[in-house]
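Subject: Structure handover

Hello,

I am passing this structure on to you.

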Amino acid sequence: MRTTNRAILRRVAALSCAMAVMALTFADAEAGGDVRETRGMMEYKLGPYQPNVDSEFDNGPYEEFFGGSSMFYGEMAFDYHLWQGVGKLSLGIHGGYGRVSSVARDATTGAEVDSDETASFRIIPLRSSLVYRYDYSALHHGVPLVPVLKGGLNYNLWRVKNPGGDTATVGDTRGAGGQPGWHFTAGIHLHLDFIDPSSAAAFDMTWGIANSYLFFEHTWTRMLDEERIDLSADHWAIGLAFEF
Amino acid sequence: MNSKSMHQVMTAAIAAALALAAWAPAPAQAHSPQTTRFVDAVNITMEPNHRFDNGTLYAGIEQCPTLVDSNPTLNAIFETTVLVAVEPELYGGVYHYNFPRGEERQISCRRTDGDMHEDCAGQVDEDDVVLVENEVDADITFETLTGLTNVDVCDQGELDESYYVQLRIRDYGGTGLDFAEWGFAEVRLVLDLIRPERPVLTDAIATENSIRVEFDRSPTTDVRRHLVFYSPEPFAEGDLLDTIANPRSPRAVEGEESDSGQITAELEGGSTVYVGMVARDEAGNYSAASAPLEATVVETSDFWDYYIGAGGGEQGGYGCHTTSTGSTNLVWVIAALMVSAAWWRRKTYRTEHSQAVVLAAKDGRR
């Protein structure tokens, strides 16, 4: 069932409050002497992405053409730390790419054509986010889990390609565009350094990577213009993050 | 027969089998140009330029009349480790000979007794051999190499011959008496005037963007490509490409090792095309056309057709028009927060930086 914007906002507010309480709890705590100052993070993640295109239809064209397959989605993010205290507040920019394809269909019968030709639909979300990660306990008390919240704006480029590899057209309409939206992400990062501290130290010495994380996160993406193609999605991803 | 006798018989049988195997002729192998460790690289050029591959120059039916008419000079270059310009006694030749393609023998034009091999056609004139430090350059005319003077041979479809230019060379350390010390390096001109046999097209499916085919490959051994072409007008099996009306450019089938494949094409949905295939050999000769198959071009649809067809409101484009005021407000709040955060960080950094500069200046004064 589709989660409404109002419900999502309630969740965002609740999670934000929880994080704020955590931050206040440790507000007076002193930073550990052996934790070095860091500047930002790089993240690489992969996961499925199924845009909610069919929300405006009874019988959706996405389901009909792609058989309900999700896009294979990858994203790279760079976060710059604005504030470091009890956790870190960062400004992040993200670039993603998702694609789904299907064998071309006979326009008359709708049957799949016996051919190697495929038609595809792809998206390139460009995001900017405010990121809060509560890593105080991980860095000072050895608790290896780091909750992370992200929220911000995105501009979603999209394109439909026909079997010939060109942008699809029907009459005056063209299957390519871009539209703004917003997103909220909640994730949990597993601090990997505790597994092998000596390797982690060597990684820092050699590459300047202070902390490494394996993470899982869930993102709610929504579009602003309800009259346009709906690229909204609730999607998860797993990835690696490196703090430098 | 007791067991001892049986054992002797078996041993004898095995020995006989091994002896037969030793005397049996070597398995058939194509006669590629010979190489020796004394020669690093070879090259062969002839105007007009033709396909050069692994020491071999290929010429086919299309090039034949020009070659016979113009009688160009073939230039063979051997780059060697031996300083032949200083010690020319370290090389011999340059020789030339020819065999029909498929002939497996390799010969050394200079025999151990000092005579020329009976299958060798001749030796390049000494005036046409130039020694440049570690390089032997030999020039020989097309006519001298092939003996062809009449262009009629180009249309007869009978000649398929390999012409070799052979250099004999030996190392500094050798005595010159031991034949085994000599090495032979060759370049080759392949003149192939026989068309490959045509493939058989068994199925063809045409869409607006591609043609997919299934076929039986040409049985000719030196075929390197199978190509698909199409024409809006019918043609007959056995027609040559240049006699077919409006053949759209033949394109090599993807998936060359299999008996099916696909080419890209730009076709009009619902139209009729006649699809054919040809084979192309190493020398670039095309076979005659396969029997054509008539195909109606299938009109394909994509996701955009489905979306618009279902009544989707999107028209495409990159505008930022919004209608949802609730979300818009949230977006502005988030945007303001992000800009504020960036501004605050910038200001903080400047303050810290200024303080650091002041402190550094004070330290300097002390």
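This is a predicted model: local features need pLDDT of at least 70, side-chain atom pairs count only at pLDDT 80 or more; totals for chains, interfaces and linings use all residues.

The interface

In chain A, 59 residues are in contact with 44 residues of chain B. The size of an interface is often given as the accessible area lost when the parts come together. Here chain A and chain B bury about 4300 Å² between them, and 65% of that area is on carbon and sulfur atoms. There are 17 residue pairs in polar contact between the two chains, counting pairs with both residues at pLDDT 80 or more. Strand S6 (residues 145-161) of chain A gives the most to the side of chain A that touches chain B, with eight residues.

Two salt bridges run between chain A and chain B. One of them joins the side chains of Asp116(A) and Arg212(B), with an N to O distance of 3.2 Å. Arg212(B) belongs to strand S12 (residues 210-216) of chain B. With a relative accessibility of 17%, Arg212(B) counts as buried, because the cut-off for buried is under 20%. Leaving out residues up to four places away in sequence, Arg212(B) touches Asp114(A), Ser115(A) and Asp116(A) in chain A, and its contacts in chain B include Asp203(B), Ile205(B) and Gln262(B).

Chain B

Chain B has 366 residues, of which 40% count as buried. It contains six helices and 18 strands. Among contacts in chain B with a separation of 6 or more, 71% are between residues 24 or more positions apart. The accessible surface of chain B is about 19900 Å², and 50% of it belongs to carbon and sulfur atoms.

Most residues other than glycine have a negative phi. Asn71(B) is not a glycine, yet it has a positive phi of about 45°. Asn71(B) sits in the loop between helix H2 (64-70) and strand S4 (73-80) of chain B, and it is partly exposed at 26% relative accessibility.

Salt bridges within the chains

Over all chains, the structure holds 18 salt bridges. In chain A, Glu43(A) and Lys150(A) form one with an N to O distance of 2.6 Å. This pair links distant parts of the chain, 107 residues apart: Glu43(A) is in strand S1 (residues 40-49) and Lys150(A) is in strand S6. Glu43(A) is buried at 0% relative accessible area, and Lys150(A) is buried at 2%.

Another salt bridge in chain A is between Asp234(A) and Arg222(A) (2.9 Å, N to O). Asp234(A) lies in strand S11 (residues 233-243) and Arg222(A) in strand S10, so the pair ties together parts that are 12 residues apart in sequence. Asp234(A) is partly exposed at 35%, whereas Arg222(A) is buried at 1%.

In chain B, Arg101(B) and Glu282(B) form a salt bridge whose closest N and O atoms are 2.5 Å apart. These two residues are 181 residues apart, and each is in a loop. Glu282(B) counts as buried, at 15% relative accessibility.

Surface patch

Val143(A), Leu145(A), Ile188(A), Phe216(A), Trp236(A) and Ile238(A) make a nonpolar surface patch of about 530 Å². Phe216(A) is in strand S10 (residues 211-223) of chain A, and at 40% relative accessibility it counts as partly exposed.

Regards

Notes: Residues are numbered from 1 along each chain as its sequence is written. Chains are lettered from A and ligands numbered from 1 in the order in which they are written. Side-chain values use heavy atoms; hydrogens and water are left out. Patches are made of residues with over 30% relative accessible area and no salt bridge: like charges are joined within 9 Å, nonpolar side chains (Val, Leu, Ile, Met, Phe, Trp, Tyr) within 5 Å. Accessible areas come from the Shrake-Rupley method with a 1.4 Å probe; for residues, only the protein chains shown count as cover. A salt bridge is a side-chain nitrogen of Lys or Arg within 4 Å of a carboxyl oxygen of Asp or Glu. Helices (H or I, at least four residues) and strands (E, at least two) are DSSP runs, numbered from the N terminus. Buried means under 20% relative accessible area, exposed over 50%, partly exposed in between (1.4 Å probe, protein chains only). Contact means heavy atoms within 4.5 Å. Buried area is the accessible area (1.4 Å probe) that two parts lose on being put together, summed over both. A polar contact is a pair of N or O atoms within 3.5 Å; within protein, one must be able to donate a hydrogen and the other to accept it, and residues adjacent in sequence count only if both atoms are side-chain atoms.
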